Amino acid sequence: MTSDRTGNYGLFSEQFTQNPYPVYSKLREEDPVHAVRFPDGQSGWMVTQYADAEEVLKDPRFIKDMSKIYGDSMDMLSVFTQNMLFADPPDHKRLRGLAQKAFTPKMISGMRGRIQEITNELLADMEGKGQVDLIDEYAFPLPIIVICEILGVPSADRDKFRLWSNSLIEGTSGELGATVYQHMNEFVQYLGQWFAKVREQPGDDLISSLIQAEEEGDRLSERELYGVVTLLIIAGHETTVNLIGNTVLSLMEHPEQRQLLEQQPELITQTIEESLRFNGPVEFSTSRWAGEDFEFQGKQLKKGDLVVVSLNSANHDEAQFEHPELFNIEREKSSHLAFGKGIHMCLGAPLARLEGEIAIASLLKRFPQMRLAAGSDRLNWRPGMIVRGVKELPMLLK
């Protein structure tokens, strides 16, 4: 692999985390398939141009099953990777098919009323408060309550899920210390106890149907059960938390676009799509590995090389989007990669979109005078190699 040149671009520095887009612009121009040392110490390749990103996300030479590279692992981390996100065909199809039951268009459409209900309750709780942290009081609880209801786990435990989820995600920044392992262990123990309850008293929720599938034989192993449920709990709310937060922030920073949306509320669907493109909630794709030696865009990839796509860089590629640096809610139908592409495209994308639309439209309607309580340059962005979102979003409601 070519020598690591991270220092030339300041990748993963605090300044980069605050605003990575100038760095991405340079990389797309100078070294679009860039040799890099990631925060966790691994070396690999970062892909930044749209066309290359799309190819990596769809090309079967880039594999997802890390056991093909590293062999079967029995450590704590492996519990969280026995799911469709880290599987290749045919296992991928089987695992995704089991989880897909809860995310059919009909099921998602049928949830609109309940999502609106939860949204209204959260907005009512914020009424009368002068200032709130919008992440804490709105963007986080909405999707976690929804996914907990789908899965059948108590939404009263949502603060635990948040702690465990944050720990796993921030562990990707290279700080995989004792606390992260402790939280992983707590999460696994919690799930084990919950699975035992469900086996005794199954319901009509998704975990019950997954456990019943597991008991039918070879359709779902115990480790796969943990992996799939972990993915759904974490991915089922993290994307939407940051989608809501990033969309509100973009609208506050672009008052003319906010005004346009308030004047034409039917633009809410395009607003969510533009937010996904402009400052997407998932910064990087999950890991892929070169399944063989081959040349890719002039670089020699060796079997086992780690390859990661910068989704947010691809979504700012001038070759694909006209004036990508502009936040424009009237942009024509977007071909953004915020939810990935190909067989691993995000299963929960329709749910995240629906939650985002309801959350943003309802918030603007309820609090038309709301504004940022701090300059956007003072906001702290979450560390890690997966999500892009602010830790807090202080808002004045009146």
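1. Helices here are DSSP runs of H or I with at least four residues, numbered from the N terminus. In this predicted model, helix 3 spans residues 21-30 and holds both Y21 and Y24, which lie 3 residues apart, about one turn of the helix. Y21 is buried, with a relative accessible area of 15%, and Y24 is buried as well, with a relative accessible area of 0%.

2. The aromatic pairs come to a count of 15. In one of them, the ring centres of Y21 and Y24 are 6.1 Å apart and the planes stand at 75°, so the pair is edge-to-face, the class for planes over 60 degrees apart. Both tyrosines also belong to a cluster in which ring pairs link F12, F16, Y21, Y24, F38 and F284.

3. Two arginines are placed over aromatic rings. The charged end of R162 sits over the ring of F140, 4.5 Å from its centre, and R277 lies over the face of F321, at 5.5 Å from the ring centre.

4. Strand 2 (residues 43-47) has 4 of its 5 residues buried, so this strand is largely enclosed by the rest of the structure. Strand 1 (residues 33-37) is joined to strand 2 by 5 bridges, and the two run antiparallel; within this pairing, V33 has V47 of strand 2 as its bridge partner. The hairpin that strands 1 and 2 form has 5 residues between the strands, and G41 takes a positive phi near 95° there.

5. Strand 2 also pairs with strand 8 (residues 306-309), in this case through 4 bridges and in the parallel sense. In this pairing, M46 stands opposite V308 of strand 8.

6. Which strands make up the open sheet of 3 strands, and in what order? The order is 4-10-9, with antiparallel pairing. Strand 4 (131-133) and strand 9 (371-372) stand at the edges, each with a single partner strand, so one side of each is left without a neighbour in the sheet. Strand 9 pairs with strand 10 (residues 394-396) over 2 bridges in the antiparallel sense, and the bridge partner of R371 in strand 10 is L396.

7. L301 lies in strand 7 (residues 299-301) and is buried, with a relative accessible area of 1%. Leaving aside residues up to four places away in sequence, L301 touches W45, F62, A290, E292, D293, F294, F296 and V307. Although H316 is 15 residues from L301 along the chain, the C-alpha atoms of the two are separated by 25 Å.

8. Is T239 buried or exposed? This threonine, placed in helix 14 (residues 222-253), has a relative accessible area of 9% and is therefore buried, the cut-off for that class being under 20%. With residues up to four places away in sequence not counted, T239 touches P281, V282 and F339.

Conventions
Residues are numbered from 1 along each chain as its sequence is written. This is a predicted model: local features need pLDDT of at least 70, side-chain atom pairs count only at pLDDT 80 or more; totals for chains, interfaces and linings use all residues. Side-chain values use heavy atoms; hydrogens and water are left out. Buried means under 20% relative accessible area, exposed over 50%, partly exposed in between (1.4 Å probe, protein chains only). Contact means heavy atoms within 4.5 Å. Two strands pair if DSSP finds at least two bridges between them. Rings of Phe, Tyr and Trp (its six-membered ring) pair if their centres lie within 6.5 Å; planes under 30 degrees apart count as stacked, over 60 as edge-to-face and the rest as tilted. A charge sits over a ring if NZ of Lys or CZ of Arg is within 6 Å of the ring centre and within 35 degrees of the ring normal.
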